[in-house]
Amino acid sequence: MSGIEQARKTAEGLDHSAGFGNQHSSEAVAGALPHGRNSPQRAPLGLYAEQLSGSAFTEPRADNRRSWLYRIRPSAAHPAFTRTDNGGLRSAPFTETVPDPNRLRWNPLPDPAPGTDFLSGLWTLGGNGDATQRAGMAIHLYHANTSMTDRVFSDSDGELLIVPERGGLLLRTELGLLRAEPGHVALIPRGVRFRVELLEETARGYVCENYGRPFELPDLGPIGANGLANARDFLAPVAAYEDREGPVEVVNKFCGNLWTATYDHSPLDVVAWHGNHTPYVYDLHRFNVIGTISYDHPDPSIFTVLTSPSDTPGLAGVDFVVFAPRWLVGEDTFRPPYFHRNVMSEYMGLIDGAYDAKADGFVPGGGSLHNMMSAHGPDRETFDRASAAELKPQKIDDGLAFMFETRWPVTATAQAASAGHLQRGYDDVWQGLTRAFRP
Ligand SMILES: O=C(O)Cc1cc(O)ccc1O
Ligand SMILES: [Fe+2]
């Protein structure tokens, strides 16, 4: 059996623990999880107890995040980390280029060199904020053709929202295994170590690195108690551990740089855990899409899957928004996204098919950046078609697009601003929208 077949087999029928933000608990060996206390004098089965905090100890209960891990060796027993090459990874503050008000669009990343894994395949497009201030976000793409073997990664700078576009991923995390296929999203919390194995020959996708407050479900307001992304559809892993001796490289992203250390064992050795600082996966097809049943095009905030609030209510550090299959029924309505200028900055990617604001040029694996106040909306072809369309109920089910929408402008990295796959002439899609004014 090939490595890939083996990985797929392992991925099938993965156990999980459902719910968003709740206290999960799991043990891979009966009796490994202490009862009645977190830190008994001697942890069960000769394990070491360790708390992993994702929030300050003193944050309000609703925001407090931590997990207790019961592991074969304490994380503290490790050699020194040394600097290693950052590859295509860049971090905030982004100062390589001047923030650009132009509308930008990219084709997919070129094919990676042989032997590129998820970590070495990460390529930063841009972002905002400051990783050391725990504010802002970065947009990365990845393109990999090899599983990570004998190495794991953790990000001290933020949580990682992984959006696969091509090729399934098996995520082996300290808290257990998750499978993320195109159309799913996976979240690795700040500081959690993980390894990415490919379920196909290649894997491609997007990553939002969120330096700010962890993603949470948006409030539903008048929508009521249910709708959008439902908490029960988020799946955390169950405990699964590696009891493995031998050299394992542990790579840590810390304040923008990669650091490496070689351990003499796998740090994915957590036999039991409980808590709410957990990885999770969510199938975007489960999103309960709400839209108009009368007229007008609602603002896309109604498609928010996850939000990272900033210090100003309603003003997200970053929102993750999905444009999922849905019915359009609006009467006397221009149905695709309207022309607009937005104080928020919008990075969009495409997981599958097409997007209803763009006739062509916005392709799976590619992306567009419409920075703060830049004018955008339907391209000419879409405008012409939608202005003339007969307004029957219409199912949009030929694509899956998403947006990382952030309160701060996105500055591109030098590699993104000069990339061969940056589309020259994107402005032209709005050419030919000539005057039709007839006073
Ligand atoms: O620019 C975009 O395509 C994203 C978007 C979609 C929409 O339905 C309304 C506003 C908006 O910014
Ligand atoms: Fe927009």
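**Exercise 1.** Which backbone oxygen lies 2.8 Å from a polar atom of the side chain of threonine 413?

*Solution.* The model is predicted, with local features requiring pLDDT of at least 70 and side-chain atom pairs pLDDT 80 or more, whereas totals for chains, interfaces and linings use all residues. Residues are numbered from 1 along each chain as its sequence is written, ligands are numbered from 1 in the order in which they are written, and side-chain values use heavy atoms, without hydrogens and water.

Step 1: the backbone oxygen is that of threonine 124.

Step 2: among the residues that threonine 413 touches are Arg90, Phe94 and Thr124 (contact: heavy atoms within 4.5 Å).

Step 3: threonine 413 has a relative accessible area of 1% and is therefore buried (under 20% relative accessible area, 1.4 Å probe, protein chains only).

**Exercise 2.** List the protein donors of the iron ion (ligand 2) and state their sequence spacing.

Step 1: the spacing of the donor residues is H-x5-E-x29-H.

Step 2: glutamate 346 is buried, as is histidine 376.

**Exercise 3.** Which distances separate oxygen atoms of ligand 1 from polar side-chain atoms of histidine 340 and histidine 376?

*Solution.* Step 1: for histidine 340 the distance is 2.5 Å.

Step 1: for histidine 376 the distance is 3.0 Å.

Notes. Buried < 20%, exposed > 50% of the residue type's maximum accessible area, 1.4 Å probe, protein only. Polar contact = N/O pair within 3.5 Å; in protein donor to acceptor, adjacent residues only side chain to side chain. Donors = N, O, S within 2.8 Å, 3.2 Å for Na, K, Ca; no water. Lists of a residue's contacts leave out its neighbours within four places in sequence.
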